[in-house]
Amino acid sequence: MASERRAREGRSHALRSPRRGTGTLDLALRVLEHLAHHSHSMSLGAIAKEFSASKATVYRHLQALVQQGFVHQDEATGNYEVGIKLVVLGEAARGRFDIVRAGRDELIALRDKTQQAATVCGMVQGAPVVLDLIQGQTVIEFGTRPGTRLALEASAHGKVWLAFSSGAPIEQALARSHGLVQEIAKIRRRGWATAPSEVIDGVNALAAPVLDHSARMVGSIAIVGATQFIAPEPARAQVEAVVGAAQRISRTLGWRGH
């Protein structure tokens, strides 16, 4: 009986306590993500300080990542940065989203025409996720990066998805957002959405849907800028630029509507 009780207690403790291997992998992945989001290499000490971990622990993770090619260590400085293997994998994964390939040139042209940052989103695991970002030509640079998840109910990208897409996540969000019924109906009529100061105070976005050959929504594009540049009711030229870019990308994906 005593041995059975100890066995049950052992199983209970195992369920409550995180596995060492899981924690180790979690730290390694967070270190890798941290390096990927920095435009310059980082020292071992700076990385360890960021994660409140010992240099020895972080060093072991970094060496494993270096051996696999995910991280590169500069021979002269000893600093670390993302390796070429991670870049290759990232491009391969991004290639799964046709809208990124189809929309890249249009996104750059949209940025050049409006001078505002331009983004493209896809629906990933029930939420709009930024797949690509072209920084604008104003003094403001946005910290939103590819991989950022946006709220369906409180972002221009999200509202466009609510208006023109379908599926369980969309239906659930619409059921939660009774106050958006009139706004969603308006978005469906005019073909675009805004979200002034909803994601970030003083920032607005203007988004439009991208459709494929079957007229199914497969993405959204938007310009993002300070409300002084993109008003709550955007200028007609901005609307035409965003909607026009979205339609051209849609035609590239086989859409033949009007």
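In this predicted model, five strands form an open sheet in the order β4-β3-β7-β6-β5, and their pairing is antiparallel. Because β4 and β5 (193-194) stand at the edges with a single partner strand each, one side of each is left without a neighbour in the sheet. Helix α10 packs on this sheet, where it touches β6 and β7, and its direction makes about 30° with that of β6. The strands β6 and β7 run antiparallel and are joined by nine bridges, and within this pairing Ala207 has Ala222 of β7 as its bridge partner.

| Element | Residues |
|---|---|
| Strand β4 | 127-134 |
| Strand β6 | 203-211 |
| Strand β7 | 217-226 |
| Helix α6 | 98-114 |
| Helix α10 | 236-252 |

The edge strand β4 contains Asp132, which is buried, since its relative accessible area of 3% falls under the 20% cut-off. The side chain of Asp132 makes a polar contact, at 2.5 Å, with the side chain of Arg104, and Arg104 is also the residue on which a kink of about 50° in α6 is centred.

The buried residues of α6 are Ile99, Val100, Gly103, Glu106, Leu107, Leu110, Arg111 and Thr114. In an α-helix there are 3.6 residues a turn, so residues three or four places apart point the same way. After α6 comes Gln115, which has a positive phi near 70°.

Methods: Residues numbered from 1 in each chain as written. Predicted model: local features only at pLDDT ≥ 70, side-chain atom pairs only at ≥ 80, totals over all residues. Heavy atoms only, no water. Helix = DSSP H or I, 4+ residues; strand = E, 2+ residues; numbered from the N terminus. Expected span 1.5 Å × (residues − 1). Bend = angle between axes of the 7 residues up to and from the residue. Buried < 20%, exposed > 50% of the residue type's maximum accessible area, 1.4 Å probe, protein only. Polar contact = N/O pair within 3.5 Å; in protein donor to acceptor, adjacent residues only side chain to side chain. Pairing = 2+ DSSP bridges. Contact = heavy atoms within 4.5 Å. Axes fitted to C-alpha atoms, helices over the stretch in contact; angles between N-to-C directions.
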